Amino acid sequence: MTQPVFDAHLHIIDPAHPLVANNGYLPDPFTVTDYQNRTTGLNIQGGAVVSGSFQAFDQGYLIDALHALGPTYVGVTQIPADTSDARILALHEAGVRAIRFNVVRGGSASPDDLDRLARRVHDLAGWHTELYVDARSLDGLEDRIAALPAASIDHLGMHEDGLPTLLRLVERGVKVKATGFGRIDLDPTAAIRAIMRVDPTALMVGTDLPSTRARHPFRNEDFETIRQALEPEQVADVFWNNAAAFYLGDAQST
């Protein structure tokens, strides 16, 4: 692939750091070296390392991974609601740029804590909020999410029945990751085109590697599916510029 890619959603699973069983599940290792080997030929030049439910609040693996991957990679972490300002700023210095709430696997915060913590980390360090959530379940959270300073939704919102809600959020400035095709229940092409009609700056791509608990892992052809859903002039923005602006604060046109 010649188009540079910002992988907006990847996981590193380093057995040298603590793992916590989630619903009895523990993932196999997937190290930085494993990730780099698996993505050879995809022209991935930056990305976001996302904390999984099985990593709880551990930051050691994330700091090590960012150090190994380099300055065009950032972290998306999970932290408890009572995390100190000093700790948040230290994580920012280490390359963390967003906070994640995993609603699907069991959230790390109540809705009130989510709102409060999301606003605090944005005010303090400029972090945005990422949500792993089934968009069908957002009725009570839609206005709260839309009102956040900056937010994104993982995996195209997961389900076709949630697409109208997702599109309303996109219309109100929320970003969306075209990721996790092995775990979604919707037509990615139709969803991508619908999102692009609402806000062409909203969509970002990612591998979701190693695709833990997905029905099937990321396939290289998933990127081609995304490309085919776009107009040629949209490819650079969706594969690099939108995510670079969101995570790095630099559109870095390609």
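## Salt bridges and backbone exceptions

A network of salt bridges links Arg100, Glu130, Asp154 and Lys177. A salt bridge here is a side-chain nitrogen of Lys or Arg within 4 Å of a carboxyl oxygen of Asp or Glu. The model is predicted, so local features need pLDDT of at least 70 and side-chain atom pairs pLDDT 80 or more, while totals for chains, interfaces and linings use all residues. Residues are numbered from 1 along each chain as its sequence is written, and side-chain values use heavy atoms, without hydrogens and water.

Helices (H or I, at least four residues) and strands (E, at least two) are DSSP runs, numbered from the N terminus.

| Pair | N to O distance |
|---|---|
| Aspartate 113 – arginine 116 | 2.7 Å |
| Aspartate 115 – arginine 119 | 3.3 Å |
| Arginine 227 – glutamate 224 | 3.6 Å |

Aspartate 113 and arginine 116 are three residues apart in helix H4 (residues 111–125), and aspartate 115 and arginine 119 are four apart in helix H4. Accessibility is classed as buried (under 20% relative accessible area), exposed (over 50%) or partly exposed (in between), with a 1.4 Å probe and protein chains only. Aspartate 115 is buried at 18%, whereas arginine 116 is exposed at 52%.

Most residues other than glycine have a negative phi, and most peptide bonds are trans. Alanine 56 has a positive phi near 45°, and leucine 156 has one near 55°. Leucine 156 is buried at 1%; alanine 56 is partly exposed at 26%. The bond from leucine 209 to proline 210 is cis, with omega near 5°. Proline 210 sits in the loop between strand S8 (203–205) and helix H8 (221–229).
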